[in-house]
Amino acid sequence: KSAMVKQPLVWMNGLNSQALDFTLIPVRVGFGSGADRLQIYGHFARRNPLAEALLSNAHAVILWRAENGYMSPTSLSDRTQAPTWLYASARFSVKVRLYGDQHSVNKELQQIVSDMERHHSGNWATSEMGARYDKLARGVIAFEADIVDLQIKFKLAQDERSDVRSDLERALSVDHPELAKLVQKHNQEIF
């Protein structure tokens, strides 16, 4: 969940779409009221073909990718190692509920803005948009998605020797600090 908070932009596609028409959208993850399972929340434009697709079939796929990065052997003490790419990703099969009423849309927009703005100084709020906020919000539909299936894929140096993993973490801390934290956290949980 914490990795998704840091990388909240996902690809989403309705399962009945004729084409692989994925849409990039910002999402939040959390537990809904009375829910004992993690849910995904978000919004997109009402005119997005995804809205029509989800109205006829509530099932969708969400693709998420965390920090990732190429690792050159030049960063390693053992130069016999091959170059590699480190990453984490997930594929969610979800069942979606759409909410077009302004109360639900406003609630979702306020929450995503609050989540994203807490990392910035200045405490910007949607109220600063004035009447423009209402105009834009009318063009948005909110959703809540129950996770039906989850497939996680990762390559975070979990199969590397400890000396190679240490070299990778050191190199990543310079070029990809967030990925370095992810590699370190993941490997602490495994080893």
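The model is a predicted one: local features need pLDDT of at least 70, side-chain atom pairs count only at pLDDT 80 or more, and totals for chains, interfaces and linings use all residues. Residues are numbered from 1 along each chain as its sequence is written, and side-chain values use heavy atoms, with hydrogens and water left out.

## The overall picture

Let us start with the whole chain. The protein has six helices and seven strands, and along the sequence they follow the pattern α-β-β-β-α-β-β-β-α-α-β-α-α. Helices (H or I, at least four residues) and strands (E, at least two) are DSSP runs, numbered from the N terminus. The C-alpha trace spans about 60 × 40 × 30 Å along its principal axes.

Of the 191 residues, 41% count as buried; buried means under 20% relative accessible area, exposed over 50%, and partly exposed in between (1.4 Å probe, protein chains only). The accessible surface comes to about 11,400 Å², and 52% of that belongs to carbon and sulfur atoms. These areas come from the Shrake-Rupley method with a 1.4 Å probe, and for residues only the protein chains shown count as cover. Among contacts (heavy atoms within 4.5 Å) between residues at least 6 apart in sequence, 71% join residues at least 24 apart.

## Strand E7 and its partners

Strand E3 (residues 38-45) runs antiparallel to E7, and seven bridges join them. Strand E6 (residues 84-99) is also antiparallel to E7, joined by 13 bridges. Two strands pair if DSSP finds at least two bridges between them.

Ala-145 in E7 shows both sides of this arrangement. Ile-40 stands opposite Ala-145, and the C-alpha atoms of Ala-145 and Val-94 are 5.7 Å apart in space, although 51 residues separate the two in sequence. Leaving out residues up to four places away in sequence, Ala-145 touches Gln-39, Ile-40, Val-94, Lys-95 and Val-96. Ala-145 counts as buried because its relative accessibility is 0%. Elsewhere in E7, Ala-142 is the bridge partner of Tyr-99.

## The nonpolar cores

In soluble globular proteins, nonpolar side chains tend to be buried together. A nonpolar core here is a set of buried Ala, Val, Leu, Ile, Met, Phe, Trp, Tyr and Cys residues joined through side-chain atoms within 4.5 Å. The largest such core has 36 residues, and those with the most contacts inside it are Met-12, Ile-40, Phe-44, Phe-92, Val-94, Val-96 and Phe-143. Strand E6 gives the most to this core, with six residues. A second, separate core has six residues, including Leu-109, Tyr-133, Val-140 and Ala-142.

Beyond its neighbours within four places in sequence, Phe-44 is in contact with Ile-25, Leu-50, Ala-51, Leu-54, Leu-98, Gly-139, Val-140, Ile-141 and Phe-143.

## Two aromatic pairs

How many aromatic pairs does a search of the whole structure find? There are two. Rings of Phe, Tyr and Trp (its six-membered ring) pair if their centres lie within 6.5 Å; planes under 30 degrees apart count as stacked, over 60 as edge-to-face and the rest as tilted.

| Pair | Centre distance | Plane angle | Class |
|---|---|---|---|
| Phe-44 and Phe-143 | 5.9 Å | 35° | tilted |
| Tyr-70 and Trp-85 | 5.9 Å | 55° | tilted |

The Phe pair links distant parts of the chain, with Phe-44 in E3 and Phe-143 in E7, 99 residues apart. Both Phe-44 and Phe-143 are buried. In the other pair, Tyr-70 in strand E5 (residues 69-71) and Trp-85 in E6 are 15 residues apart. Tyr-70 is partly exposed at 43% relative accessibility, and Trp-85 is partly exposed with a relative accessible area of 43%.

## Two buried threonines

Thr-23 lies in strand E2 (residues 23-31) and counts as buried at 14% relative accessibility. A polar contact of 3.4 Å joins its side chain to that of Asn-48. A polar contact is a pair of N or O atoms within 3.5 Å; within protein, one must be able to donate a hydrogen and the other to accept it, and residues adjacent in sequence count only if both atoms are side-chain atoms.

Thr-126 is in the loop between helix H3 (102-117) and helix H4 (131-137), and is buried with a relative accessible area of 8%. The side chains of Thr-126 and Gln-110 form a polar contact of 2.7 Å. Leaving out residues up to four places away in sequence, Thr-126 touches Gln-110, Val-113 and Tyr-133.
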